[in-house]
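Hi there,

Here is the structure I promised to pass on to you. Have a look at it first, and then read on for my notes on what turned up in it.

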Amino acid sequence: MNNTDLKTQLIADFKTAEGRMNGEAKSAVHQVRQQALERFDKLGFPTTKHEEWKYSNVKNLVNQAFEFNAVTNFSAEDLAEMPIPNLEGNILYFINGVYNAELSTIVSPQTELQILTFAEAAKTQPQLIEQYFNKYSDYQDNAFTALNTAFAQNGVFVHVPENKVVEQPIIIRFINDARTLNVAAQPRNLIVVGKRSEVQIAEAFRTIGENASFTNAVTEFVVAEEANVHYYKVQNESDKAYHIGTTSVLQAGKSVFTANTVTANGGFVRNNLNIKIDGEYAEANMFGLYIPNGKQHVDNHTAVDHAKPNSNSNELYKGILKGKSTGVFNGKIFVREDAQKTNAFQSCKNVLLSEDASMNTKPQLEIWADDVKCSHGTTTGQLNDDALFYMQARGISKDSAKALLTLAFAQDVIDKFEIASIKEYLQELITEKIYQD
Amino acid sequence: MLKISNLQAKIGDKEILKGLNLEVKAGEVHAIMGPNGAGKSTLASVLAGRDTYEVTGGSVDFDGTDLLELAPEERAAEGIFLAFQYPVEIPGVSTTNFLKTAVNEIRKYRGEEPMDAVQFLKMFKEKMKIVNIDQSLLNRALNEGFSGGEKKRNEIFQMAVLAPKLAILDETDSGLDIDALRIVAEGVNKLKSPDNATIVVTHYQRLLDYIVPDFVHVLYKGRIVKSGTKELALELEERGYDWIKEELGETV
């Protein structure tokens, strides 16, 4: 199957699905879907000629066939094989992109938190969905976002009303079951957090099975004044998994949004994180860690758009690259003319543990205001030889010394995780991956 | 315990050790002195196994083992300890965690059972007294932001924990004030026993007021050119190195 074929298949799928709709085809949400499909048709899948995809070639992805509506016999027993120990909170499971109510648990009271599947919310709360849907993720230039928008029905809608501190975290586990066939999922998540409210949300992606998996995820956050959101994205997918994910955030004044993106495993990963700070005295934090090995590819594109004065953004991404893996970091900072007194800091640090691994970094700063503090720095190097020798001279083998140093390098990003179960899970996952060849 | 014969080593194209001989027996303290650039630190690094130096000739026998055949971590497990002139700062790894790993890897090498947390706690407490080091320092990242004195005390603390057969102190006195010097030297003296040996590499005599050597050697241009007792160190302090160069027939 070539590029055009997957595209043709998807467009045909869309028409078929549309044909089965009743009144919904006329809904505002569906109007957006139609426009997105048209846009997808026009854009097509990107090639490396596209500036934003220069180092991330999706050719192998679009040349494979995927089942977008796979129904597999994934069960609670299968889930037991992939535990996250001590997991507590609101736990939602999506299998092959479809919500599984049987496996999921919602513990927070309705007054604190509403969690609905996207499809459910579109039916019961169309006005809310219409108000927020696709206001933040731009599909005009991104074929994958356009594609996700066109098919948006699976995923979750989370609504935290005003003045609520949500005690229990929300953990959404997306599992693609590729044991019998190539599966694709396109989750669409919308998280709306009211004024002065606080919530922690983790998205955890996993695949099982030997076949290929494709996740094309879009998550939108609307963060109202003085709200505080901790967002975690954890990727532990297979070597045959393709993951294209976009997280788009709109922040109002005095809000705090913190994103922690950890890619422990995955064959081909592209994460877009776009934050627009549309209010004063707000703070955006972007932390990331990626540890590709073998022939894995991890690409993080981040963009923070300072549209209003007096706000801060901090960014720290760290990469550990092994084998023949490749990494990309592209960090954009926009400071608009109005956004005086902006502080924006960006740093990307990488360690190459093999001579065949490579990393491409590109900071992009566009600053239109004159009274701002911005800094950026990227480093790519090897482990410190002096430190390695020092450890060896104390009896620690070279491999252990490397692993200890590497783990120490990663630790400050791991420590930013505030959901204990997820942090422990990550600590183990990352330690294991670091000790692996 | 240690027998170095005709040791030659270079870094890049530069020959630094040019046929060095030295024998150290259990229970002895040897001081190696010499002018800058004589090869003192090179000798310490070569014995510890630093691979930036290439050994081009000679042999090093350590209690019947060919030391030059071993990786640095194997030498440590065999009982060699190098106290670094410039201890390396390692962010993100605490001293205790680092030492627990080191101790258990060495025990594994020797076919011994790993120590558990309780045993470590007990041992660390005993050893901390020897160099008067504080627990809070050990909880911090290894050497990160430590003062010069704290770094050197930490080196001796590590030495106490690892209990080596042969300790090589590379310019341990550099960057220390007199009080810190005294604490470090007392620590070294407390660790002395008839079964272990110490090589003190130093530029100045003052450390030898506190760690009294049995033998003093002058290292010059990659060889040991003169050996004596502690009086030799005093003489060097008083007269410098020129008279040694003259004895060697060099014009000063």
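One thing before the details: this is a predicted model.

I'd start with helix 4 of chain B, which covers residues 117-131. Its 15 residues reach 21 Å from the first C-alpha to the last, close to the 21 Å expected at 1.5 Å a residue. The buried residues in this helix are Phe120(B), Met123(B), Phe124(B), Lys127(B), Met128(B), Ile130(B) and Val131(B). Looking down the axis of helix 4 of chain B, you will find that these buried residues fall within an arc of 140°, so they line one face of the helix. On the face turned away from the buried side, helix 4 of chain B carries the exposed residues Val118(B), Leu121(B), Lys122(B), Lys125(B) and Lys129(B).

Val29(A), His30(A), Val32(A), Arg33(A), Ala36(A), Leu37(A) and Phe40(A) are its buried residues. They cover an arc of only 150° around the axis, which puts them on the same side of helix 2 of chain A. Glu38(A) and Lys42(A) are exposed on the face turned away from that buried side. After helix 2 of chain A comes Gly44(A), with a positive phi near 65°.

Lys254(A) has a phi of about 60° and sits in the loop between strand 11 (241-251) and strand 12 (256-265) of chain A. Asn310(A) also has a positive phi of about 60°, and its place is in the loop between strand 15 and strand 16 (312-321) of chain A. With a relative accessibility of 22%, Asn310(A) counts as partly exposed.

Next, the strands. Strand 17 of chain A (residues 326-335) is mostly covered, with 8 of its 10 residues buried. It runs parallel to strand 15 of chain A (residues 297-306), and 10 bridges join the two. In that part of the model, His297(A) stands opposite Thr326(A) of strand 17. Strand 17 of chain A also pairs in the parallel sense with strand 19 of chain A (residues 358-367), again over 10 bridges. Here Val335(A) stands opposite Ile367(A) in strand 19 of chain A.

On the annotation side, an unreviewed UniProt entry lists residues 182-409 of chain A as "domain: SUF system FeS cluster assembly SufBD core". Over these residues the chain is 9% helix and 61% strand, and the end C-alpha atoms are 36 Å apart.

Finally, the charged pairs. How many salt bridges does the structure hold over all chains? There are 22, and three of them are described here one by one:

- Asp371(A) and Lys341(A) form a salt bridge, with the closest N and O atoms 2.8 Å apart. The pair links distant parts of the chain, 30 residues apart: Asp371(A) is in the loop between strand 19 and strand 20 (373-381) of chain A, and Lys341(A) is in the loop between strand 17 and strand 18 (343-352) of chain A. Asp371(A) is partly exposed at 35% relative accessible area, and Lys341(A) is partly exposed at 48%.
- Arg394(A) and Glu155(B) meet in a salt bridge at 2.7 Å, N to O. Arg394(A) lies in the loop between helix 8 (385-392) and helix 9 (398-414) of chain A and Glu155(B) in helix 6 (residues 148-162) of chain B, so the pair joins two chains. Arg394(A) counts as buried at 0% relative accessibility, and Glu155(B) is buried at 1%.
- Glu235(B) and Arg239(B) form a salt bridge with the closest N and O atoms 2.7 Å apart. Being 4 residues apart in helix 8 (residues 230-239) of chain B, Glu235(B) and Arg239(B) are separated by about one helical turn. Glu235(B) is partly exposed at 30%, as is Arg239(B) at 46%.

Best wishes

Note on methods. Residues are numbered from 1 along each chain as its sequence is written. Chains are lettered from A and ligands numbered from 1 in the order in which they are written. This is a predicted model: local features need pLDDT of at least 70, side-chain atom pairs count only at pLDDT 80 or more; totals for chains, interfaces and linings use all residues. Side-chain values use heavy atoms; hydrogens and water are left out. Buried means under 20% relative accessible area, exposed over 50%, partly exposed in between (1.4 Å probe, protein chains only). Two strands pair if DSSP finds at least two bridges between them. UniProt positions are given in the numbering used here, feature names are shortened, and annotations may be inferred rather than shown by experiment. The arc is that of the directions from the helix axis to the C-beta atoms. A salt bridge is a side-chain nitrogen of Lys or Arg within 4 Å of a carboxyl oxygen of Asp or Glu. The expected span of a helix is 1.5 Å times one less than its number of residues.
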